[in-house]
Each structure stands twice: as C-alpha cells, then as structure tokens.
Amino acid sequence: MHPEDIVERVRAQHPEAVIDIAGADCNFELHIVSEDFAGQGLLRRQKGLLALFKDELQSGALHALTIKAKTPQEKAAESP
Amino acid sequence: MKTTDKIRQQLQENPVVLYMKGTPREPRCGFSAKAAAALQSTGVEFAYVDVLAAPAFMQALPEVSEFPTFPQLFINGEIIGGSDIIEAMLASGELLPMLKRAAG
C-alpha cells in the first residue's frame, strides 16, 4: 500500500487528527493524535483504526500497521 | 470440532495465551518476537500457538477476537491486543499484575 492511501483513509474517519506515517511496502507505523480517542482504551483505538484496513490485512497487502494513537493531552504529557 | 470452537476451548483452558508467528524461541516475525520477549520478561508462564504452523487458526482467530493482526495476546479469554499494546502495558506496569492475577 502507499502511505498516502493509508493517511487518506484514516483522515476520512478522523478529519481533525494530526497524522504521521513512516515505513514502506506492507509495514507501516502510524502516529495519530486526535480528540476522538478520549475515553477509549488502547485496544479500542487500534481496533477502530485496523478495521479500516481489514481487507488489506487479510490479503497480506498490508502485513503490519503499528499504531500509536494518542489524545492531544496524552501527547502533550510526553517528555520531549 | 470447528476451529473457532477449538480456539474458545484453548482460551478456556489457558489463562494466558499468545497467538504468534513462530515460537518464543524462534519467532518468525519481529512483532511476534517483541510480544513474546515482553511476556517472557515478566517470568509468568504462558501458552502459545504458532499460527504459521496452524493456518486454520490464523484464519479463524480474527473472527473470534475481532482483531485482524498477529500476534494476539489473550488473558482469561479476553483479547488484550498485539505487540504495541503488550509493550505499552509492560512499560506502564499494568501487564505484570494482570498476568499474575490470571495465572494465579
């Protein structure tokens, strides 16, 4: 998959999010910061995002998508 | 027995199960390696299933867990997550007490 396609699909679900992606081919790391994740546990966040790529993950077009999903508050609390 | 039933049986019989690619000793994927290493670092015993050696499980597990990728960690029959989540919970100190409670 192309990283732009991944970002576009995530953007459609989280229009306000700050999205950053690294990696190539079938193995990506997605960094996403959005208010949408407030009140959601890690599993819920990942499930929601991975569901966008269900077909690609099943077919192997996408092997792995590492997801770091945070709220703006969590992001701000990280040490620089 | 259907594969999904076999999975449910495994989850009932084992408090901690890691479905992974390869084995903890010889992982066949970097993410499975990370997950197994994190679990091993806790010293708590866990069961594992090599989904590469059991393709039917690889196909059926996402139906049971509603989680599409591997590895997948289950504690007391509940999906906890993949390697990102396992590592985050190890770092935050949540993982060890959870495993200890489950393994009793």
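Chain A holds an open sheet of 3 strands in the order β1-β2-β3, with mixed pairing; two strands count as paired if DSSP finds at least two bridges between them. Strands (E, at least two residues) and helices (H or I, at least four) are DSSP runs, numbered from the N terminus. β1 and β3 (64-70) of chain A stand at the edges with a single partner strand each, so one side of each has no neighbour in the sheet. From one strand to the next the twist averages 10 degrees. This is a predicted model, in which local features need pLDDT of at least 70 and side-chain atom pairs count only at pLDDT 80 or more, while totals for chains, interfaces and linings use all residues. Residues are numbered from 1 along each chain as its sequence is written, and chains are lettered from A and ligands numbered from 1 in the order in which they are written.

Strand β1 (residues 18-24) of chain A runs antiparallel to strand β2 (residues 27-33) of chain A, and 7 bridges join them. Across this pair, D20(A) stands opposite H31(A) in β2(A). The hairpin of β1(A) and β2(A) has 2 residues between the strands, and D25(A) there takes a positive phi near 60 degrees. On to the next pair: β2(A) and β3(A) run parallel and are joined by 7 bridges. There, I32(A) has A69(A) in β3(A) as its bridge partner.

Chain B meets chain A through 11 residues, which are in contact with 11 residues of chain A; contact requires that the C-beta atoms, placed from the backbone, lie within 7 Å. On the side of chain B that touches chain A, the elements giving two or more residues are β4 (78-81) and α4 (83-92) of chain B. By class, that side of chain B has 7 nonpolar, 2 polar and 2 charged residues. Ala, Val, Leu, Ile, Met, Phe, Trp, Tyr, Cys and Pro count as nonpolar, Asp, Glu, Lys and Arg as charged, and the others, Gly among them, as polar.

In α4(B), the buried residues are S83(B), D84(B), I85(B) and I86(B); buried means that 20 or more other C-beta atoms, placed from the backbone, lie within 10 Å of the residue's own. The buried residues of α4(B) pack against α2 (42-51) and β3 of chain A, together with α2 (30-42), β3 (72-75), β4 and α5 (95-103) of chain B. After α4(B) comes G93(B), with a positive phi near 85 degrees.

Notes: Axes fitted to C-alpha atoms, helices over the stretch in contact; angles between N-to-C directions. Contact = placed C-beta atoms within 7 Å. Buried ≥ 20, exposed ≤ 12 C-beta atoms within 10 Å, placed from the backbone.
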